Amino acid sequence: MENLYLFMIIALALLAIADLVVGVSNDAVNFLNSAIGSKAVSFKTIMIVASVGVAVGAIFSSGLMEVARKGIFNPDQFVFSEIMVIFMAVMITDILLLDFFNSVGMPTSTTVSIVFELLGAAVAVALLKVWEANENTADLINYINTSKATEIIIGILISVVIAFSIGAIIQWITRVLLSYNFQEKSAWVGALFGGVALSSLTYFIFIKGIKGTPFADDTFSFTQGLTIKDYLESHVLNIVAISLVICTGISFLLMTVLKQNIYKIIILVGTFALALAFAGNDLVNFIGVPITALKSYEVWLASGVPANEFGMSFLEGKVSTPSYLLFIAGMIMVATLWFSSKAKDVVKTSIDLSSQSSTKERFKPNFLSRSFVRFAVLASQATAYVLPENIQAKIEKQFKQPELLPSEKEEAPAFDLVRAAVNLMVAAVLISIATSMKLPLSTTYVTFMVAMGTSLADRAWGAESAVYRVAGVINVIGGWFFTALVAFTAAAIIAFLLSWNVKVMTPILLLLAILLLVRNYIAHNKKAKVLKAEDTLTKAESSSVQGVIHESASNIANVVKRGNRIYSNAINGLAKQDLSSLKKNKKQVSKLSNEVDDLRDNIFYFIKNLDEASVSASNFYINILGYLQDMAQSLEYISNTSHKHINNNHKKLKFSQIKELKEVDESLERLFIDIKQAFDSHSFEQIGNILNRKIEVFNFVKDKIDKQVTRTRSEESSPKNTTLYFGLLLETKDLLNATMNLLEEYHKAHDASVTPARINTTEEE
């Protein structure tokens, strides 16, 4: 058995390393989104500051392992063999759960996951003990630290509401006072804001940084007999007041003498502070369980008592964490921060939801998001009746954003420096207060909900985006509850399996976890490569007809190429009755349709960018997008109908029908290849030759329709097959019609744009 537990300790150590990687990938959003979203400084500088904060926080986090040690269960009620089962179940569940959330790019709470995993595993093992001892199920309460577990869970849930509300209130007040033209305000205004923000962040750094250090419990002459930690917590007002005066003075000097942007400095200090807090607060979520297991193993080994008899009451006392382990953990976290692509996906989700400008909305509106937006609109209208018009006008002026040129919108930050600074300051203050009051909370929940609250107050969720953004927030919050439910259930199941036969199930479950992690890693890399290499449609930026003609050529070649592939895949899938390929084809055509919709959504900015002499370019561009959308809709119908027919297990098309569809596919392929070559090479003169084949192509499809009519009258016996076949051919005609209309539009526009040039050349001669 000693070898088994040594193997489990080694496995837990390896799981801890993997957990650090997936945990940092998930929690990087906590301290990176404000700095990255505001583009305060270069990405490299942001990463360096965050890395230093993570390293310092990790090294000084000793003594923060209470949650893993005795926060959820009563260790004196368990023996060593049972504790090892609980810890192994927790680590296997944690790494798989966090990796899943990282893969889908959703932020979740490592605190919630570890708490509910410990709870689920402990409950499962405790239930087995109760049943084996023929005790009453009500005795389960003796094994679980119910008061602490309840306090942690309620504290985390309340923090969600408080963080959102406080973030919204502080941001609204700040914007009313500073407006979007904050850079033009007097130096003393920026200095005062800097003083408030920096003093808050400084106190936060002291509270979070010193709490885990070895000298936190030391006393000095100036601390009046109190420990450093207690002194800081009992002299909050004095420390903050002195810090406010000093930080305001420093801010004023930085702005007036050194000509530094105080808002950027606040963001850098805030990023460091939250990175430090993340490492100090959340490190227990990644290595607390393995370190507690290692300490338990060492004590058990020295005792000489059998594993199923050795009590764990020693965990009730303080268990120190070796400094070298904290250092190693810190370095792994820093390395992950730099190299994890999944971390960037999670950060992107948070930034997109809080962006001031329009972005590609990732979430679909739902009943709850629509109801919330309607309620907010009604509340806003009610407020308008209460406030005098002159006050409303002043407030509106403060919220008026500076106009940006369409060309500037692409490079514009997701939100400005003021909102980024408020995000960091409010999150730091809330975490500081909770820490000083010894209240548990999730740093992920606090930082995310503060960012969402400031977005709401800053009117980032306008009429154009509100339902999508609110739906996104609801999805993320729903994911948090999903985390708790899955963490509890999965950990309980794994703990039960390990308890059933620990020797057999430990290697099996570890192997399964490794296979799932490797599979997710390969799938994520494959998806990233596909997205990178895949053709995508680009927005037109030119302000002239000639420019739009050349810019749109690549989009048309792209649609024709992908349309040809989608059409062929649909016909081949029908011929082979290949449901899998038809399902993939549906995804491809859906992606194409969404990209065309995105181009249409950009028409507003395109028209705004046109000069007076080139307004005709808008008509051309709108018509081209209309025809591209018609092509996408026809392809979507063909793909969806083919998938539906096979998915419903309808009768296979006849050989003659498949043969004719293949002939149509080959004819379309020749046409699409010629079109693609013409647009790829910008040989627009060839369009005329392609248009000359219009009648021939249409007659070819019409001939197939006539043949099916004859077949239906004489031999066809399947209504579903007939409906499918006619539907495919008629939609193919619509596809050809949209394609030919697009070519004619291009042909006319190109001839009109080059004719003046020829006339001028003749006059010069």
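Arginine 419 is buried in this predicted model, because its relative accessibility is 0%, under the 20% cut-off. Its side chain still finds a charged partner: arginine 419 and aspartate 458 meet in a salt bridge, 2.9 Å from N to O. That pair ties together distant parts of the chain, with arginine 419 in helix α17 (residues 417-436) and aspartate 458 in the loop between α18 (443-457) and α19 (466-500), 39 residues apart. Aspartate 458 is buried too, at a relative accessible area of 1%.

Now for some other salt bridges.

| Pair | N to O distance |
|---|---|
| arginine 419 and aspartate 458 | 2.9 Å |
| glutamate 663 and lysine 659 | 3.0 Å |
| lysine 702 and aspartate 706 | 3.4 Å |

Glutamate 663 and lysine 659 sit four residues apart in helix α25 (residues 655-680), about one turn of the helix. Glutamate 663 is partly exposed at 25% relative accessibility, and lysine 659 is partly exposed at 44%. Lysine 702 and aspartate 706 are separated by about one helical turn because they are four residues apart in helix α27 (residues 694-714). Lysine 702 comes out as partly exposed at 44%, and aspartate 706 as partly exposed at 37%.

Over to the surface patches. Ile154, Ile158, Ile162, Ile166, Ile169, Trp172, Ile173 and Leu177 make a nonpolar surface patch of about 710 Å². One of them, isoleucine 158, lies in helix α7 (residues 146-178) and is partly exposed, with a relative accessible area of 46%.

There's a charged patch as well: Lys583, Lys584, Lys586 and Lys587 gather into a patch of positive charge on the surface. Lysine 584 belongs to helix α22 (residues 579-601). Why does lysine 584 count as exposed? Its relative accessible area is 57%, and exposed means over 50%, so lysine 584 qualifies.

Zooming out, the protein chain has 28 helices and zero strands. Of its 765 residues, 51% are buried. The accessible surface of the chain comes to about 35400 Å², with 62% of that belonging to carbon and sulfur atoms. As for the contacts with a separation of 6 or more, 84% are between residues 24 or more positions apart.

Technical notes:
Residues are numbered from 1 along each chain as its sequence is written. This is a predicted model: local features need pLDDT of at least 70, side-chain atom pairs count only at pLDDT 80 or more; totals for chains, interfaces and linings use all residues. Side-chain values use heavy atoms; hydrogens and water are left out. Patches are made of residues with over 30% relative accessible area and no salt bridge: like charges are joined within 9 Å, nonpolar side chains (Val, Leu, Ile, Met, Phe, Trp, Tyr) within 5 Å. Accessible areas come from the Shrake-Rupley method with a 1.4 Å probe; for residues, only the protein chains shown count as cover. A salt bridge is a side-chain nitrogen of Lys or Arg within 4 Å of a carboxyl oxygen of Asp or Glu. Lys and Arg count as positive and Asp and Glu as negative; His and the chain ends are not counted. The place of a charge is taken as NZ of Lys, CZ of Arg, CG of Asp or CD of Glu. Helices (H or I, at least four residues) and strands (E, at least two) are DSSP runs, numbered from the N terminus. Buried means under 20% relative accessible area, exposed over 50%, partly exposed in between (1.4 Å probe, protein chains only). Contact means heavy atoms within 4.5 Å.
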